[in-house]
Amino acid sequence: MLNIVIFGAPGSGKGTQSDKLIEHYNLFHISTGDVLRDNIKRGTELGKIAKGFIDQGQLVPDELIIDILAQVLDENKANASDGVIFDGFPRTIPQAEALEQLLADRGTKIDAVVGLEVPEDELIKRILLRGQMSGRSDDNEETARKRLDTYHNQTSPLKAYYEQQGKYRAINGLGSIDDIFELIKDSLDSL
Ligand code: AMP
């Protein structure tokens, strides 16, 4: 089993590198952002609640997102894979603590946290570029700046949290997609 958290600011390349990791290590992908966007598209109650937060660049409340994660884990779709990649989760310390408990209850744990480190001006550039293609309602400059503030205030403390556990692997997230993937593989091969 290889359970990985892919960690970083919005625009740091988490989704892109997740795609490559999934294929290379046969992992099951859990992206809380994708789950929320799917709920918005389907017009569910959860989607309606989530949209308000997402469009403001804020986090969806912990209780909601932890419930979603527990549900996805219980669907057991991950059984056919060699592990799970958590993309966009956890984003707060309470979420990280909940994840630890959810995994412990299932007899497993997080093995490594891959932190994609990218300078701020580059993040904004990437988010705006993605917005032109993805049409994501939160990929505009105003919401992007709010999302970065949210990241600094609520999510970035997780770096120290996972460093203390010896799980954080800092990856320079500037460069070509393939070069960054090589750095990630090198850092995971020691596991
Ligand atoms: P993402 O696709 O990971 O960039 O997520 C898009 C948006 O969904 C975020 O800006 C948050 O509003 C919401 N979201 C996704 N994952 C979480 C999470 N783990 N906790 C709270 N909100 C989340």
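A polar side-chain atom of Gln-95 is placed 2.9 Å from a nitrogen atom of the ligand, a polar contact being a pair of N or O atoms within 3.5 Å. The model is predicted, and local features need pLDDT of at least 70, side-chain atom pairs count only at pLDDT 80 or more, and totals for chains, interfaces and linings use all residues. Residues are numbered from 1 along each chain as its sequence is written, and side-chain values use heavy atoms, with hydrogens and water left out.

The ligand is surrounded by 16 residues, of which the closest are Thr-32, Arg-37, Gln-58, Arg-91 and Gln-95; a residue is counted here if one of its heavy atoms lies within 4 Å of the ligand. From Thr-32, a polar side-chain atom lies 2.8 Å from a ligand nitrogen atom. Gly-88 contributes a polar backbone atom, 2.9 Å from a nitrogen atom of the ligand.

Thr-32 also belongs to the contact between two helices, where Thr-32, Val-35 and Leu-36 of α2 meet Ile-65, Ile-68, Leu-69 and Val-72 of α4. Contact means heavy atoms within 4.5 Å. Helices (H or I, at least four residues) and strands (E, at least two) are DSSP runs numbered from the N terminus. Helix α2 spans residues 32–42 and helix α4 residues 62–74; their axes come within 11 Å and cross at roughly 100°. That makes α2 roughly perpendicular to α4, angles of 65 to 115 degrees counting as roughly perpendicular, under 35 as roughly parallel, over 145 as roughly antiparallel and the rest as oblique. Axes are lines fitted to C-alpha atoms, for helices over the stretch in contact, and angles run from 0 to 180 degrees between N-to-C directions.

Helix α1 (residues 14–25) packs with helix α9 (residues 177–189) at an angle of about 50°, the axes lying 10 Å apart. That makes α1 oblique to α9. The residues of this contact comprise seven nonpolar, three polar and four charged. Among the residues of α1 that meet α9 are Thr-16, Lys-20 and Tyr-25. Asn-26 is located in the loop between α1 and β2 (28–31). Although Asn-26 is not a glycine, its phi is positive, at about 55°.

Another loop, between β3 (84–87) and α5 (93–105), holds Pro-90. The peptide bond from Phe-89 to Pro-90 is cis, with omega near 0°. Helix α5 packs with helix α8 (residues 157–164) at an angle of about 35°, and the two axes are 10 Å apart. In this pair, Ile-93, Ala-96, Glu-97, Leu-99 and Glu-100 of α5 meet Pro-157, Leu-158, Tyr-161 and Tyr-162 of α8.

How values were computed. Nonpolar A, V, L, I, M, F, W, Y, C, P; charged D, E, K, R; others polar. Polar contact = N/O pair within 3.5 Å; in protein donor to acceptor, adjacent residues only side chain to side chain.
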